[in-house]
Amino acid sequence: MALQVYSEARGLKTLRDGVTLERYQASYPDAIIANVKGKQPTYATLERWMMDGVARAIDGCSGIEPDGTCSHDQPSWLVALSLI
Ligand SMILES: [Zn+2]
């Protein structure tokens, strides 16, 4: 299965086959493994989170700041999709 990564510069990316996190980190040192659980939220949902000031992280953790990360260092969907 292809590896999903997140970096501040590039956002959420799926690595091509054979590309390791280490290799990606050579270009984007802050990159982390993106532990994505579930489907990407709809834009209506993302908009609602923005309005409410409460969002969900890409690993499913809820109740985080729209521009924040959860306790597992996973970014909110809004950050991962570079919407904030
Ligand atoms: Zn989490």
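**The core and its setting**

Tutor: The protein chain has 84 residues, for which a compact globule would have a radius of gyration near 12 Å, and its own value of 13 Å agrees with that. This radius is taken over C-alpha atoms, and the globule rule is 2.2 Å times the number of residues to the power 0.38. Along the principal axes, the C-alpha atoms fill a box of roughly 40 × 20 × 20 Å.

The model is predicted: local features need pLDDT of at least 70 and side-chain atom pairs count only at pLDDT 80 or more, while totals for chains, interfaces and linings use all residues. Residues are numbered from 1 along each chain as its sequence is written. The mean pLDDT (the predictor's confidence in each residue, from 0 to 100) is 96 for the protein chain, with 99% of its residues at 70 or more.

The secondary structure consists of three helices and five strands, in the sequence pattern β-β-α-β-α-β-β-α. Helices (H or I, at least four residues) and strands (E, at least two) are DSSP runs, numbered from the N terminus.

Now the core. A nonpolar core is a set of buried Ala, Val, Leu, Ile, Met, Phe, Trp, Tyr and Cys residues joined through C-beta atoms within 7 Å. Buried requires 20 or more other C-beta atoms within 10 Å of a residue's own, exposed 12 or fewer, and partly exposed is in between, with C-beta atoms placed from the backbone. By that count, 21% of the 84 residues are buried. The largest core has 14 residues, and A55, W77, L78 and A80 touch the most other members. Elements that give two or more residues to this core are β1 (4-7), α2 (43-52) and α3 (77-80). Helix α3 gives the largest share, four residues. Both domain 1 (1-33) and domain 2 (35-84) supply at least three residues each to the core; these bounds come from an automatic or database domain assignment.

A55 shows what one of these members touches. Beyond its neighbours within four places in sequence, A55 is in contact with W49, I64, E65, P66, S76, W77 and L78. Two residues are in contact if their C-beta atoms, placed from the backbone, lie within 7 Å. For the chain as a whole, 30% of the contacts between residues at least 6 apart in sequence join residues at least 24 apart.

The centres of the two domains, over C-alpha atoms, are 19 Å apart. Their contact takes six residues from domain 1 and seven from domain 2. On the side of domain 1, β1, β2 and β3 each supply at least two residues.

These strands form an open sheet in the order β2-β1-β3, with antiparallel pairing. The edge strands are β2 and β3 (32-33), each pairing on one side only. Two strands pair if DSSP finds at least two bridges between them, and β1 and β3 are joined by two. V5 has I33 of β3 as its bridge partner.

D73, in the loop between β5 (62-64) and α3, has a positive phi of about 65° although it is not a glycine. D73 counts as exposed because it has 12 C-beta neighbours inside 10 Å. S82, in the segment after α3, is likewise not a glycine and has a positive phi of about 60°.
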